[in-house]
Amino acid sequence: MEQTKKRILTFCVACIFFLILIFVLIHPDQADSTEPISKTAFKLNTVVTLKIYDSKDETLLDDALAICDKYENIFSRTKESSELYKLNHKTLPQNDGAFTVSSDFADLVSKGLYYSRLSGGGFDITIEPISSMWDFVSDEKIVPDDAALKNALPLVNYENVTLEGDQIRFAKDGMGLDFGAIAKGYITDQIKEFLISKGVKSAIIDLGGNTLCIGKKPDGSPFHIGIQKPFAERSETIAALEINDKSVVSSGIYERYFEKDGNFYHHILNPKTGYPYDNSLISVTIISDKSVDGDGLSTTCFALGLEKGMELINSLPDVQAVFITDDYQLHYSDHFNDELTVIDVN
């Protein structure tokens, strides 16, 4: 009798194991679904991390990273083979004085001009004659000559750019474009579109400050996205948010900067002076549907300052923001807590 019980127990355990094995083979995407596949690489002069929660297809990660390379060859200001570099150096094909650009290029120019207008020129994609004089990547800590900056200022004005279809025209010789404040958002959105086209419904795309969540976690819970504490280690957050299917983009003076002769210089430049903005803001974080809008709005709001920047955000639908001032106080847009949950990180 005891032997019979043991045989029955052994048979039941074997059956359960067999059923689990069959489930895993038939539904590999649901096995260990809480652990995403992920890949990290240095692209676009930043650390790019991709996580996919509802697929085990590693080729999706490689193909998504390849999208970064594709757009770097279009939007990079410093890569000599890029479309933007060729435009700024006037080696692109011309048609009666207008330069012919790709559809992606024209699309991003259109977005850049929109935010240039929205900010009244506080954000300006024609800032290249000034931004090219500054270097926040090397350790040289060179402050551009004041006279050279002043001479370049007349070349910075988005109103002197005309875009018609795939034709772009500058009103003045020596003008150029800089997509540094908006390109990562555009690329992030393209990666999202690609992953969704492949059936992905749960993922995180992080392009160094541009974080976009596709859907929710497989168990239905929200993603937790941190807002970096300014001037702290990248893993240290000052606040965290519960995010579903939204983009979170931060622009701050702590990202790229240097100090020289007792002065602090950061990479968010004022197109009207040629020097970094000084308006008591440390960072602006935008929560929106599209990452390109988060990019454009974060820089726009930084340029406008706390009061006018918050006024702009509060006038826009489906957008929320967190401003951090130099006293490390967090300022939330209207109805922020009605739409988003802030997680206490203290």
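Axes here are lines fitted to C-alpha atoms, for helices over the stretch in contact, and angles run from 0 to 180 degrees between N-to-C directions.

**View 1. Helix 4 beside helix 8 in the predicted model.** The axes of helix 4 and helix 8 come within 10 Å and cross at roughly 5 degrees. Helix 4 is therefore roughly parallel to helix 8, a term for angles under 35 degrees. In this contact (heavy atoms within 4.5 Å), Leu108, Lys111, Tyr115 and Leu118 of helix 4 meet Val292, Asp293, Gly296, Leu297, Thr300 and Leu312 of helix 8. These residues divide into six nonpolar, two polar and two charged, where Ala, Val, Leu, Ile, Met, Phe, Trp, Tyr, Cys and Pro count as nonpolar, Asp, Glu, Lys and Arg as charged, and the others, Gly among them, as polar.

**View 2. Helix 4 and its cover.** Helices are DSSP runs of H or I with at least four residues, strands are runs of E with at least two, and both are numbered from the N terminus.

**View 3. The length and end of helix 4.** At 1.5 Å a residue, the 16 residues of helix 4 (residues 103–118) should span 22 Å, which agrees with the 23 Å between its end C-alpha atoms; the expected span is 1.5 Å times one less than the number of residues. Gly120, with a positive phi near 65 degrees, follows helix 4.

Residues are numbered from 1 along each chain as its sequence is written. In this predicted model, local features need pLDDT of at least 70, side-chain atom pairs count only at pLDDT 80 or more, and totals for chains, interfaces and linings use all residues, while side-chain values use heavy atoms, with hydrogens and water left out.

Note on methods. Parallel < 35°, antiparallel > 145°, perpendicular 65-115°, else oblique.
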